[in-house]
Amino acid sequence: MTLHLKKSWMISLITSFVLLGGVLLSPATSANAAKVATSTYSDSDESYAEFKEYTNQLFALETYEAKAFTALESIDTQVTSTNRKSMYLKLTNTVIPNYTKLVSKAKQIKPTNPQIKKIHATFIKASYTQLEGYLLYQKAVSKNKVNYTLLKQGNAKVNTASVLMDQCEQQLYAYARSLGYDS
């Protein structure tokens, strides 16, 4: 059986925001362009500030995700009894601790904007579901005999997390567009 590994969503988020007009690299320039280009900017100064603060808080989590995904990429996705111990060690020593920190620190982010709160709730659900998948992978390879039922359950969790993260990204992009950023 094969492990399903999702690409780093944080990296794709960063790339997407750069494509949205450099929202994080030059927010003042983008905000000024948005003022001219759109009528939805009305009371947006506060919304822009909240959006920038939120995305900066998310990007601060990227280091944890990067460590977890680097370890995941080094795991052979085809699970066998010969590579199960190596998988277990990488999951136990690197992937799960870093992803646990990501989820824990993400839960400490407390947006006040109602739209960002909704986006963040999806983000938390996606991240936590991803962690649950990794924990199932770990349990599946923790014994001498690989538990393929647990592996399949882990794949289902990781797939669900991927769908949730895609929803989160779409919500985030829609909110950015409502602030005047072009995609």
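Q: At 5% relative accessibility, does F69 count as buried or exposed?
A: This is a predicted model, in which F69 has a relative accessibility of 5%. Buried means under 20%, so F69 counts as buried.

Q: How many aromatic pairs does a search of the whole structure find?
A: The search covers the whole structure and looks for pairs of aromatic rings. The number of pairs found is 4.

Q: What kind of pair do the rings of F69 and Y99 form?
A: The centres of the two rings, F69 and Y99, are 6.4 Å apart. Their planes stand at 75 degrees. An angle over 60 degrees counts as edge-to-face, so the pair of F69 and Y99 is edge-to-face.

Q: How many residues apart in sequence are the parts that the pair of F69 and Y99 ties together?
A: F69 lies in helix α4, which covers residues 62-73. Y99 lies in helix α5, which covers residues 84-108. The pair therefore ties together parts whose separation in sequence, in residues, is 30.

Q: Does Y99 count as buried or exposed?
A: The relative accessibility of Y99 is 0%. The cut-off for a buried residue is under 20%, so Y99 counts as buried.

Q: What kind of pair do the rings of Y134 and Y137 form?
A: The ring centres of Y134 and Y137 lie 6.3 Å apart, and their planes are at 40 degrees. Planes under 30 degrees apart count as stacked and those over 60 as edge-to-face.

Q: About how far along the helix are Y134 and Y137 separated?
A: Both residues, Y134 and Y137, belong to helix α6, which covers residues 114-140. Within helix α6 they are 3 residues apart, so the separation is about one helical turn.

Q: Which residues do ring pairs link into a cluster?
A: Y134 counts as buried at 1% relative accessibility, and Y137 counts as buried at 1%. Both belong to the cluster, together with F69 and Y99. The cluster linked by ring pairs is F69, Y99, Y134 and Y137.

Q: Which element gives the largest share of the largest nonpolar core?
A: The largest nonpolar core has 45 residues, and among those that touch the most other members are Y99 and Y134. The elements that give two or more residues to this core are α3 (44-59), α4, α5, α6 and α7. The largest share, 10 residues, comes from α6.

Q: Which side chain meets K157 in a salt bridge?
A: A search of the whole structure finds 1 salt bridge. Side chains of opposite charge can pair when their charged atoms come close. Here the N to O distance is 3.0 Å, and the side chain that meets K157 is that of E132.

Q: How many residues apart are K157 and E132?
A: K157 lies in helix α7, residues 148-178, and E132 in helix α6. K157 counts as partly exposed at 30% relative accessibility, and E132 counts as partly exposed at 24%.

Q: What percentage of the residues in the protein chain is buried?
A: The secondary structure of the chain comes to 7 helices and 0 strands. The chain has 183 residues, and the buried share is 46%.

Conventions: Residues numbered from 1 in each chain as written. Predicted model: local features only at pLDDT ≥ 70, side-chain atom pairs only at ≥ 80, totals over all residues. Heavy atoms only, no water. Phe/Tyr/Trp six-rings, centres within 6.5 Å; stacked < 30°, edge-to-face > 60°. Helix = DSSP H or I, 4+ residues; strand = E, 2+ residues; numbered from the N terminus. Buried < 20%, exposed > 50% of the residue type's maximum accessible area, 1.4 Å probe, protein only. Salt bridge = Lys/Arg side-chain N within 4 Å of Asp/Glu carboxyl O. Core = buried A, V, L, I, M, F, W, Y, C linked by side-chain atoms within 4.5 Å.
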